Amino acid sequence: MDEEQITRELSFKAVRSSGAGGQHVNKTSSKVELYFDVEASEGLSEEEKSRIFKKLASRLTKDHLLILHSEESRSQHKNKALVIAKFFELLRENIKKPKPRKKTKPSKAAKLKRLKAKKINAEKKARRNDPLK
């Protein structure tokens, strides 16, 4: 993953924030939307792209765009920095290769413990039987 290349590929759009506010909120565009075209990215390898397509399928548009937004701050610049940080955290999280599972066998003690528990349970149920039969 080439972060500098990916940063150049990002596009932003400033939009008016939703929610309550004063007179100033109706005039300023402080909410920032980030757009990233996963398919056209040159900063990601094909393997990383396929992993992103698989893991972030529900968050991608039909055109393979990843859209994130931030309206936490009243400053457009802070929101831009926040959305970029959120974007790279999301990428790093979803590009990681999963660890291969190591097959393990139960230990001899665990097997004996299980068999002992089964034996106790069987004896308990056997004592419930009618002794005259």
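I took a salt bridge to be a side-chain nitrogen of Lys or Arg within 4 Å of a carboxyl oxygen of Asp or Glu. With that criterion I searched the whole structure and found five salt bridges.

**Basis of the entries**

The model is predicted, so I note that local features need pLDDT of at least 70 and side-chain atom pairs count only at pLDDT 80 or more, whereas totals for chains, interfaces and linings use all residues. Residues are numbered from 1 along each chain as its sequence is written, and side-chain values use heavy atoms, with hydrogens and water left out.

**Salt bridges**

I looked up Arg92 and found its side chain in a salt bridge with that of Glu3, at 3.1 Å from N to O. Arg92 belongs to helix 3 (residues 76-95) and Glu3 to helix 1 (residues 3-9), so this pair ties together parts that are 89 residues apart in sequence. Helices here are DSSP runs of H or I with at least four residues, strands are runs of E with at least two, and both are numbered from the N terminus.

I then checked accessibility, calling a residue buried under 20% relative accessible area, exposed over 50% and partly exposed in between (1.4 Å probe, protein chains only). Arg92 is partly exposed at 36%, and Glu3 is partly exposed at 32%.

Arg92 also meets the side chain of Glu89 in a salt bridge, at 3.9 Å from N to O. Glu89 and Arg92 are three residues apart in helix 3, which separates them by about one helical turn. Glu89 has a relative accessible area of 44% and is partly exposed. I recorded Glu3, Glu89 and Arg92 as linked in a network of salt bridges.

In helix 2 (residues 46-55), Lys49 and Glu46 are three residues apart, about one helical turn. Their side chains meet in a salt bridge at 3.6 Å, N to O. Lys49 is buried at 7% relative accessible area, whereas Glu46 is exposed at 60%.

I traced three strands that form an open sheet in the order 1-2-3, with antiparallel pairing; two strands pair if DSSP finds at least two bridges between them. Strand 1 (11-15) and strand 3 are at the edges with a single partner strand each, so one side of each has no neighbour in the sheet. Neighbouring strands are turned by 20° against each other on average, direction ignored. For such angles, axes are lines fitted to C-alpha atoms, for helices over the stretch in contact, and angles run from 0 to 180 degrees between N-to-C directions.

Strand 2 (residues 31-37) pairs with strand 3 over six bridges in the antiparallel sense. In strand 3, Leu68 is the bridge partner of Leu34, and Ser70 stands opposite Val32.

I followed the side chains along strand 3 (residues 65-70) and found that they alternate.

Helix 3 lies across strand 1, strand 2 and strand 3, and runs at about 135° to strand 3.

**Core and contacts**

I treated a nonpolar core as a set of buried Ala, Val, Leu, Ile, Met, Phe, Trp, Tyr and Cys residues joined through side-chain atoms within 4.5 Å. The largest such core has 18 residues, of which Ile6, Phe36, Ile52, Leu66, Phe87 and Leu91 touch the most other members. Strand 2, strand 3 and helix 3 each supply at least two residues of this core. Helix 3 gives the largest share, six residues.

I listed the contacts (heavy atoms within 4.5 Å) of Ile52. Leaving out residues up to four places away in sequence, Ile52 touches Val38, Leu44, Ala57, Leu60, Leu91 and Ile95.

**Aromatic pairs**

I counted two aromatic pairs in the structure. Rings of Phe, Tyr and Trp (its six-membered ring) pair if their centres lie within 6.5 Å; planes under 30 degrees apart count as stacked, over 60 as edge-to-face and the rest as tilted.

The rings of Phe36 and Phe87 have centres 5.0 Å apart and planes at 65°, so they are edge-to-face. Phe36 lies in strand 2 and Phe87 in helix 3, so the pair ties together parts that are 51 residues apart in sequence. Phe36 is buried at 1%, and Phe87 is buried at 0%.

Phe87 and Phe88 form an edge-to-face pair, with 5.2 Å centre to centre and 65° between the planes. Phe36, Phe87 and Phe88 make up one aromatic cluster.

**Backbone at His64**

I noted a positive phi of about 65° at His64, which is not a glycine. Most residues other than glycine have a negative phi. His64 is in the loop between helix 2 and strand 3 and is partly exposed at 25% relative accessible area.
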